[in-house]
Amino acid sequence: MTKLSIIVPVYNMDGYLDRCLGSIVRQTFTDFEFIIICDNPNNKEGISLLYEYAKQDNRIKLLLNEENIGLTKSLNRGLAIAKGQYIARMDADDISLPDRFEEQLSLL
């Protein structure tokens, strides 16, 4: 069983997205699945970046909404496929320190 599922809904794919994704894939804790839900099917450049990350890291599960369904429904889509013992949540403009999940899980 995967220890942790990290769920990140994405709509506005501005300058933070690359830093956000990079801060997750470079975590010191590595037993996780990274579920990204894209809620903006019209942003081709952002979707291209998401596909690049997914191609480079097999922990990434990319869900593309066919239309904008909003934050809550997007999060529920991610939760529906999550297999982790624990769930972590981030927004696309958040950046995590490299040992964030290692520290949080040590406290759980």
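## Arg59 and its surroundings

The side chain of Arg59 comes within 3.1 Å of the backbone oxygen of Val25, and it also reaches the backbone oxygen of Thr30, at 3.4 Å. A polar contact here is a pair of N or O atoms within 3.5 Å; within protein, one must be able to donate a hydrogen and the other to accept it, and residues adjacent in sequence count only if both atoms are side-chain atoms. The model is predicted: local features need pLDDT of at least 70 and side-chain atom pairs count only at pLDDT 80 or more, while totals for chains, interfaces and linings use all residues. Residues are numbered from 1 along each chain as its sequence is written, and side-chain values use heavy atoms, with hydrogens and water left out.

Arg59 sits in the loop between α2 and β3. Its relative accessibility is 18%, so Arg59 counts as buried (under 20% relative accessible area; exposed is over 50%, partly exposed in between, with a 1.4 Å probe and protein chains only). Leaving aside residues up to four places away in sequence, Arg59 touches Val25, Thr30, Phe32, Glu33 and Phe34, contact meaning heavy atoms within 4.5 Å.

## The sheet

Four strands make an open, parallel sheet in the order β3-β2-β1-β4. The edges are β3 (60-64) and β4 (86-89); each has a single partner strand, so one side of each lacks a neighbour in the sheet. On average, neighbouring strands are turned by 20° against each other, direction ignored. Helices (H or I, at least four residues) and strands (E, at least two) are DSSP runs, numbered from the N terminus, and two strands pair if DSSP finds at least two bridges between them.

Strands β1 (residues 4-10) and β2 (residues 32-38) run parallel and are joined by seven bridges. Ile6 has Phe34 as its bridge partner in β2.

## Helices on the sheet

Helix α1 (residues 17-25) lies across β1, β2 and β3, at about 160° to β2. Helix α2 lies across β2 and β3, at about 155° to β3. Axes are lines fitted to C-alpha atoms, for helices over the stretch in contact, and angles run from 0 to 180 degrees between N-to-C directions.

Gln56 belongs to helix α2 (residues 44-56) and is exposed, with a relative accessible area of 63%.

## Cysteines

The disulfide count is zero, a disulfide being a pair of cysteine sulfur atoms within 2.5 Å. For Cys20, the nearest cysteine sulfur is that of Cys38, 13 Å away, which is too far for a bond. Cys20 is buried at 0% relative accessibility, and Cys38 is buried at 1%.
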